[in-house]
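Colleague: I would like to learn how to read a structure like this one. Please take me through it feature by feature.

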Amino acid sequence: MAVNSTGGCDAPPMKAASNGVFQGDNPLHYALPLLIVQICLVVVLTRLLAYLLRPLRQPRVIAEIIGGVLLGPSALGRNKKYLDAVFPARSLTVLDTLANLGLLFFLFLVGLELDPKALRRTGKRALSIALGGISLPFALGVGTSVVLRSTISKGVDQGPFLVFMGVALSITAFPVLARILAELKLLTTDVGQVAMSAAAVNDVAAWILLALAIALSGTGRSPVVSLWVFLSGFGFIGLCIVVCPPIFKWIARHCPRGEPVDEMYVCATLAAILAAGFVTDTIGIHALFGAFVLGVLVPKDGAFADALVEKVEDLVSGLFLPLYFVSSGLKTNVATIEGARSWGLLGLVIFTACFGKIVGTVLVSICCRVSFKEAIALGFLMNTKGLVELIVLNIGKDRGVLNDQTFAIMVLMALFTTFITTPVVVVVYKPARTAKHEYKHRTIRRKESDTQLRMLTCFHSTANVPTLINLMEASRGTGKRGGLRVYAMHLMELSERSSAILMVHKARRNGLPFWSKDGKNSDTNQIVVAFEAFGRLSRVSIRPTTAISSMSSMHEDICASADRKRAALIILPFHKHPRPFDGHLETTRGDLRYVNKKVLEHAPCSVGILVDRGLGGTFHVSARDVDYTVTVVFIGGPDDREALAYGALMAEHTGIRLNVARFVVVGNFSRLDIEDGEDTRDEDEEVLTEFKRRIADDGSIKYDEVVVRDTAEMVEAIRGYDRCNLFIVGRMPKIELLTALDKKIECPEIGPMGNLLISPEFKTTASVLIVQQYRSRPPADLPAGLEEDETTDEE
């Protein structure tokens with residue numbers, strides 16, 4: 001292979017594209033195919049590591065740093081054949097250029113996360129904690145630099161080395177910290193709010209210090225040159241502050257929500273990012289500063305900022321940004337840390353970084369009357385490193401301030417301090433959880449029929465809203481029950497995309513309304529308009545709330561909110577929706593299935609899973625136009641009793657007709673011996689007797705008792721009720737039905753009857769609501785992967 005791995009000047013430049021293997025060319029000898037191989041390798045490895053580290057709740061930056069180190073000379077790079085084939089020296093210029101281009105746009109997004117208005121509102125406590133978390137580690141970093149300069153970093157310029165070490169030890173990675181706080185659900189706690197505010201101040205201070213360090217790191221020039229670099233940088237920032245905000249605000253005004261953003265505005269902004277990077281690089285700071293400054297000045301709210309994130313985000317963070325970590329990994333050679341002295345210096349740097357950041361933060365926090373546990377948590381949170389740390393180290397390496405050994409030590413320090421943050425905070429700080437509310441009405445079925453009904457309805461997109469609103473209208477009854485109060489929860493996923501860090505600012509609203517009734521913070525999207533209109537026209541009290549979380553922990557927010565709101569019923573969207581051309585159900589959000597299962601297991605009240613086939617159409621149906629037929633299938637058991645109670649509530653609405661089909665099973669149905677079986681059947685009869693007594697004079701309710709001898713008869717009888725708008729069924733009817741419906745259960749979370757009603761063989765356009773009554777103890781194990789528990793707490 002004719003590649004000069006030493007990168008000498010006699011090595012010919014790599015051509016862009018090959019003629020193909022059939023022409024005798026090796027694609028790995030050409031820049032474009034080699035770059036494609038490098039990107040694919042990086043993405044696969046980093047995503048695999050992120051998946052493996054997910055149980056440890058580590059941010060993705062940890063996987064990317066480790067992936068970069070593994071691909072470099074510390075691990076796989078020990079094999080020279082691999083290194084020369086996949087990462088030859090001649091390809092590193094292209095790799096570094098593309099990585100820095102991706103980093104340029106990513107730093108624009110990082111700037112987009114910082115809100116100058118929020119910084120101006122930073123309280124004295126957060127500001128003091130930020131300064132305490134910078135000052136002590138910076139001083140200790142300067143002290144550590146003296147030790148390193150006398151041992152493994154001899155001959156480097158003293159001034160730049162002192163500043164680089166101080167900056168490297170005092171940085172807090174704002175984006176990484178935001179991700180950790182979001183994963184630990186600490187964003188809305190006092191600790192999370194203080195940490196975010198302090199980290200934002202720290203981030204700005206770090207960039208200023210980094211600009212100083214770069215200005216001082218000129219190669220053998222007069223100190224006057226460094227001063228000119230620094231002053232020119234501040235002049236550039238001042239010019240941007242004067243010129244850019246009016247332009248960006250003008251663009252934002254011309255980009256209303258709900259309308260597509262003009263491509264010209266996006267292209268002009270992307271070109272401005274590149275131009276700003278060119279100016280700051282010409283000044284002698286770094287191209288990243290220009291992009292970061294523009295990101296800070298862009299308005300944070302509105303369609304314009306969302307469009308910029310959407311256009312830039314996935315390509316940059318998914319493909320190009322991991323290349324920067326590989327570029328850093330190729331410069332990191334852990335093998336250079338040899339001997340007891342080098343490993344001792346690594347321990348010294350890690351101890352100094354942790355001690356300075358944690359102790360400095362803890363001392364100032366205690367002086368600000370923060371409790372000791374919260375102060376310790378703040379100390380470890382502020383010790384988080386990340387991408388900015390690597391930027392500092394790479395600039396120092398490129399400028400000759402950090403040699404190979406010092407660079408490797410600092411990368412391992414950043415990796416260690418970030419890795420320990422999540423586990424330590426989980427152990428040290430456990431926020432005071434709200435005590436479990438001992439509220440009385442955890443089910444729809446209750447003795448006091450005039451009490452208020454509280455529901456928590458969940459949705460994740462505009463597609464769910466019309467049916468939910470029509471269901472609310474159907475559930476409000478006549479108003480005798482003390483009214484209906486609905487908490488409409490918008491489920492917003494906190495994904496692995498770094499634009500989710502922009503969402504972290506919104507995540508401060510986790511558990512708070514997604515619209516404000518006074519109109520101050522209202523969005524103009526369809527969801528808000530629909531709920532506001534329904535709330536004004538109906539007698540239903542609607543309280544909006546938001547859950548912003550990863551899908552793996554979304555159920556915690558749902559259950560905690562239901563407990564706080566004392567809800568009697570949680571309505572969840574099913575993970576399948578009908579196809580428009582044939583009505584067959586197809587999976588649209590598979591991760592919702594996990595959420596539904598977890599809510600069924602941990603819910604503090606009854607739960608309903610709504611299979612939406614368009615109840616009332618795609619628009620809100622007003623009260624006077626409601627004309628629904630609701631069918632309740634009753635076989636027996638607590639879930640069926642809860643379904644019957646919900647159907648009886650809906651029947652109070654003047655526009656709803658209720659059909660109750662009670663199936664009496666006779667013949668050779670296989671029965672399972674269950675505890676309290678007779679008591680369950682007695683309670684079923686008691687409930688049905690009371691129900692028939694109440695509906696004696698109600699012509700809108702039809703009650704049928706259907707005797708069936710086998711499964712086929714039962715299914716055929718149910719088909720006779722398919723001309724309705726909504727089926728309400730219990731998730732787990734009587735135990736004998738489990739063996740009666742002798743067919744594969746595709747979705748155990750909706751039970752056998754729910755699976756029957758959504759199967760392609762059962763032709764119906766009716767929506768289906770599968771109800772599980774509140775269970776006071778975990779369900780027992782049952783056949784076919786289904787779970788059932790006869791114990792209920794209805795009062």
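Colleague: How many helices and strands does the protein chain have?

Modeller: Helices (H or I, at least four residues) and strands (E, at least two) are DSSP runs, numbered from the N terminus. The protein chain here has 28 helices and 14 strands. This is a predicted model, in which local features need pLDDT of at least 70 and side-chain atom pairs count only at pLDDT 80 or more, while totals for chains, interfaces and linings use all residues. Residues are numbered from 1 along each chain as its sequence is written, and side-chain values use heavy atoms, with hydrogens and water left out.

Colleague: In what order do the strands of the open sheet stand?

Modeller: Strands of a sheet pair through backbone hydrogen bonds, either parallel or antiparallel. Two strands count as paired if DSSP finds at least two bridges between them. In this model 10 strands form an open sheet with mixed pairing, in the order β3-β2-β1-β4-β7-β12-β11-β8-β9-β10. At the edges stand β3 (541-549) and β10 (701-708), each with a single partner strand, so one side of each has no neighbour in the sheet.

Colleague: Which way do β11 and β12 run, parallel or antiparallel?

Modeller: Strand β11 (residues 726-730) and strand β12 (residues 767-772) run parallel and are joined by five bridges. Val729 stands opposite Ile770 in β12.

Colleague: Which strands does helix α23 lie across?

Modeller: Two terms come first. Contact means heavy atoms within 4.5 Å. Axes are lines fitted to C-alpha atoms, for helices over the stretch in contact, and angles run from 0 to 180 degrees between N-to-C directions. Helix α23 (residues 590-602) lies across β2 (484-493), β4 (569-573), β7 (606-611) and β12, and runs at about 165° to β4. Helix α24 (residues 638-651) runs at about 150° to β11 and lies across several strands, including β1 (453-459), β8 (628-634) and β9 (656-665).

Colleague: What share of the residues is buried?

Modeller: Buried means under 20% relative accessible area, exposed over 50%, and partly exposed in between (1.4 Å probe, protein chains only). Of the 795 residues in the protein chain, 56% are buried. For areas, the Shrake-Rupley method is used with a 1.4 Å probe, and for residues only the protein chains shown count as cover. The protein chain exposes about 34300 Å², of which carbon and sulfur atoms supply 58%.

Colleague: Which residues make the nonpolar surface patch?

Modeller: Patches are made of residues with over 30% relative accessible area and no salt bridge; like charges are joined within 9 Å, nonpolar side chains (Val, Leu, Ile, Met, Phe, Trp, Tyr) within 5 Å. Here Ile208, Phe234, Ile237 and Ile241 make a nonpolar patch of about 340 Å². Helix α10 (residues 223-253) gives the largest share, three residues. Ile208 is found in helix α9 (residues 190-216). Its relative accessible area is 41%, so Ile208 is partly exposed.

Colleague: How many salt bridges does a search of the whole structure find?

Modeller: A salt bridge is a side-chain nitrogen of Lys or Arg within 4 Å of a carboxyl oxygen of Asp or Glu. The search finds 15. In one of them, Glu749 meets Arg593 at 3.2 Å, N to O. This pair links distant parts of the chain, 156 residues apart: Glu749 is in the loop between α27 (736-740) and α28 (751-758), and Arg593 is in helix α23. Glu749 counts as buried at 2% relative accessibility, whereas Arg593 is partly exposed at 23%.

Colleague: Where do the partners Arg641 and Asp684 lie?

Modeller: Their side chains meet at 2.6 Å, N to O. Arg641 is in helix α24 and Asp684 in helix α25 (residues 677-694), 43 residues apart. Both Arg641 and Asp684 are buried.

Colleague: Is His577 buried or exposed?

Modeller: His577 has a relative accessible area of 15%, so it is buried. This residue lies in strand β5 (residues 576-578). Leaving aside neighbours within four places in sequence, the contacts of His577 include His460, Asn464 and His584.

Colleague: Where is Tyr429 placed?

Modeller: Tyr429 is in the loop between α18 (421-428) and β1. At 10% relative accessibility, Tyr429 counts as buried.
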